[in-house]
Amino acid sequence: MLHEGESLSAFVEMAAVQAARRRKAQEAFLARGRASLAQARRSGEFYAADEVLDGMRERLQARLKAPRKVATAKGK
């Protein structure tokens, strides 16, 4: 659905640009993963998925328990 005042060509152009950005991000993600795997193979240092996920859960829980900073307006 086009927004008011938006042309079909502008919509198609925006969709193509967004698709290209997603594709570029996916390619970068895969490249980082492949590089990480190659490094792990060279070093022999691997981590079990459960270990990694447990560590991520712990970090998340710590972050959720931490007091939140409240933004204040200057001069008030």
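How does the span of H1 agree with its 36 residues at 1.5 Å a residue?

## Helix H1

H1 should span 52 Å, and its end C-alpha atoms are 52 Å apart, which agrees. The expected span is 1.5 Å times one less than the number of residues. Gly44 follows H1, with a positive phi near 75°.

## Model and conventions

This is a predicted model: local features need pLDDT of at least 70, side-chain atom pairs count only at pLDDT 80 or more, and totals for chains, interfaces and linings use all residues. Residues are numbered from 1 along each chain as its sequence is written, and side-chain values use heavy atoms, leaving out hydrogens and water.

## Overall form

The chain has two helices and zero strands. Both element types are DSSP runs, numbered from the N terminus (helices: H or I, at least four residues; strands: E, at least two). The radius of gyration is 22 Å, well over the 11 Å of the globule rule for 76 residues, so the chain is more spread out than a compact globule. That radius is taken over C-alpha atoms; the rule is 2.2 Å times the number of residues to the power 0.38.

Buried residues make up 3% of the 76. Buried means under 20% relative accessible area, exposed over 50%, partly exposed in between (1.4 Å probe, protein chains only).

## Salt bridge

The whole structure holds one salt bridge. Arg57 pairs with Asp54, their closest N and O atoms 3.2 Å apart. The criterion is a side-chain nitrogen of Lys or Arg within 4 Å of a carboxyl oxygen of Asp or Glu. Arg57 and Asp54 are three residues apart in helix H2 (residues 49–65), so about one helical turn separates them. Asp54 is partly exposed, at 39% relative accessibility.
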